[in-house]
Amino acid sequence: MNQNHIDIFDTTLRDGEQCPGASMTMEQKVRIAHQLEHLGVNIIEAGFPVISPGDFNSVETIARETSASRIAGLARCVTKDIDAAARALAPAGERARIHLVLATSPIHRQYKLNKNRNEVLAMARSAVSMASDLAGEVQFSAEDASRTEPDFLAEVTETVIDAGARIVNIPDTVGYAMPDEYGHLISHLVRNVSNIDRAVLSVHCHDDLGMAVANSLAAIRAGARQVEGTINGIGERAGNTALEEVIMALRMRSAFFNNAVTSINTPELLHTSKIIARESGMPVPRSKAIVGANAFAHGSGIHQDGMLKNKTTYEVMRPEDVGWSETEYPLTKHSGRHAVRIKLERLGISPTDHEMNAFFPIFKKAGDQCKFIDDQELIHLFHHGVIISPVS
Ligand code: KIV
Ligand code: ZN
């Protein structure tokens with residue numbers, strides 16, 4: 001395995017579905033799982049088998065119908081969860097990963113679990129050994145890791161690796177961490193966990209303070225080799241790390257990330273985003289990075305002019321690399337003469353300089369009356385001097 005390879009763990013079907021209003025049927029989840037495999041994600045978290053018969057069936061069906069990605073199922077560190085996860089994941093054979101979660105922070109130990117440190121360590125150890133006998137691979141997540149005492153987190157990590165966990169996930173469950181701080185936490189584990197070479201460190205960030213992507217990237221710089229998140233960033237509360245942003249940041253700035261690579265087929269990103277938006281009922285904001293409708297649309301006259309001269313002036317990646325067909329130059333009141341002329345020419349109208357001088361003020365005046373001037377409006381405006389519908 002390439003030391004710089006970053007595994008992409010998609011939890012759209014588990015944490016993403018925890019986003020209120022995003023519940024999906026089994027058929028919808030299976031469709032998404034097929035697309036995620038096509039996209040090239042390394043691990044698909046298909047659900048939380050113990051929580052409902054529907055989740056159990058979805059995980060089991062996805063385990064059976066996929067062939068390339070590893071399939072994870074979530075379980076708390078209790079026998080009935082582990083047993084349900086193992087049964088649901090069985091059709092995936094060696095690709096099955098039981099994903100165990102147990103809270104480790106003082107707040108969760110006191111108020112949620114009512115357990116001391118030693119009791120938490122004992123629960124984690126026995127759950128990992130039980131799961132290791134039942135699935136090809138075990139991942140342990142220390143819930144609320146970013147608010148856990150770093151030395152205790154190191155002790156938990158060492159204990160679960162000893163018990164057989166091959167992936168240890170360090171979630172910023174409540175989206176509280178800041179990038180430098182989170183990166184330091186990962187470095188602390190890399191330096192202080194004696195058996196760390198036997199496991200992959202993973203990160204899982206929430207976006208409560210808008211830091212999920214930045215935190216995930218800081219963790220990768222510090223040594224994490226698996227990143228968890230969802231497409232479009234959907235998830236519990238403010239959502240999870242938007243995987244499409246992390247994937248493209250790693251691709252465009254690979255050298256900055258110590259030559260990190262992923263195995264993602266990036267031209268499939270937009271299509272995947274659209275399928276997930278449709279199936280989950282969670283629309284993508286126009287200005288969302290990578291997959292929003294405006295991500296490659298240039299509005300201002302200065303930018304449109306620069307882009308028409310050379311695309312590197314205002315674009316750091318090519319639209320086709322993430323699935324868009326081309327850069328867009330929507331005509332608005334901000335557009336300049338150069339963009340208007342080019343659009344007219346593409347529509348088969350070749351104005352003389354004299355015609356353009358007369359038309360441009362008319363265009364600007366019309367722009368004040370509507371949000372966009374589409375092709376039909378532009379043609380009408382050029383020939384008749386007025387727009388069809390001023391509120392469009
Ligand atoms: O946010 C979280 O801590 C989780 C765990 C189950 C990994 O979703
Ligand atoms: Zn989460």
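**Helices, zinc and domains**

Modeller: Happy to. Let's begin with helix 11, whose buried residues pack against helix 12 (337-346). Helices here are DSSP runs of H or I with at least four residues, strands are runs of E with at least two, and both are numbered from the N terminus.

Colleague: Which residues of helix 11 are buried?

Modeller: In helix 11 (residues 301-309) they are Gly301, Gln304, Gly306 and Met307. Buried means under 20% relative accessible area, exposed means over 50%, and partly exposed is in between (1.4 Å probe, protein chains only).

Colleague: Before I go on, what kind of model is this?

Modeller: This is a predicted model, where local features need pLDDT of at least 70, side-chain atom pairs count only at pLDDT 80 or more, and totals for chains, interfaces and linings use all residues. Residues are numbered from 1 along each chain as its sequence is written, chains are lettered from A and ligands numbered from 1 in the order in which they are written, and side-chain values use heavy atoms, leaving out hydrogens and water.

Colleague: Thanks! Now the metal: which protein donors does the zinc ion (ligand 2) have?

Modeller: Asp15 (OD), His204 (NE2) and His206 (NE2) are its protein donors, 2.0 to 2.1 Å from the zinc ion. Donors are N, O and S atoms within 2.8 Å of the metal (3.2 Å for Na, K and Ca), and water is not among the atoms, so sites may look incomplete.

Colleague: What spacing do the donors follow along the chain?

Modeller: The pattern is D-x188-H-x1-H. Asp15 and His204 link distant parts of the chain, being 189 residues apart. Asp15 sits in the loop between strand 1 (7-10) and helix 1 (26-39), while His204 is in strand 7 (residues 200-205).

Colleague: Are Asp15 and His204 buried or exposed?

Modeller: Both are buried.

Colleague: And what surrounds ligand 1?

Modeller: Its surroundings include Arg14, His99, Ser141 and Asn169, and also Asp15, His204 and His206. A residue counts as near if one of its heavy atoms lies within 4 Å of the molecule or strand. An oxygen atom of ligand 1 is 3.0 Å from an N or O atom in the side chain of Asp15. For His204, a polar side-chain atom lies 3.1 Å from an oxygen atom of ligand 1, and for His206 the distance is 3.0 Å. Taken alone, ligand 1 exposes 260 Å², and the protein buries 93% of that. Those areas come from the Shrake-Rupley method with a 1.4 Å probe; for residues, only the protein chains shown count as cover.

Colleague: New topic: where does Asp55 lie?

Modeller: Asp55 is in helix 2 (residues 53-65). Asp55 counts as buried because its relative accessible area is 8%. Leaving aside neighbours within four places in sequence, Asp55 is in contact with Glu17, Lys29, Gly47, Phe48 and Pro49. Contact means heavy atoms within 4.5 Å.

Colleague: How about Lys333, why is it called partly exposed?

Modeller: Because Lys333 has a relative accessible area of 40%. Lys333 is placed in the loop between helix 11 and helix 12. Not counting residues up to four places away in sequence, Lys333 touches Lys364, Gly367 and Asp368.

Colleague: Last one: which domains does the chain have?

Modeller: The domain assignment gives domain 1 (7-280) and domain 2 (301-385), with bounds from an automatic or database domain assignment. Their centres, taken over C-alpha atoms, are separated by 45 Å. Seven residues of domain 1 are in contact with seven residues of domain 2.

Note on methods: Polar contact = N/O pair within 3.5 Å; in protein donor to acceptor, adjacent residues only side chain to side chain.
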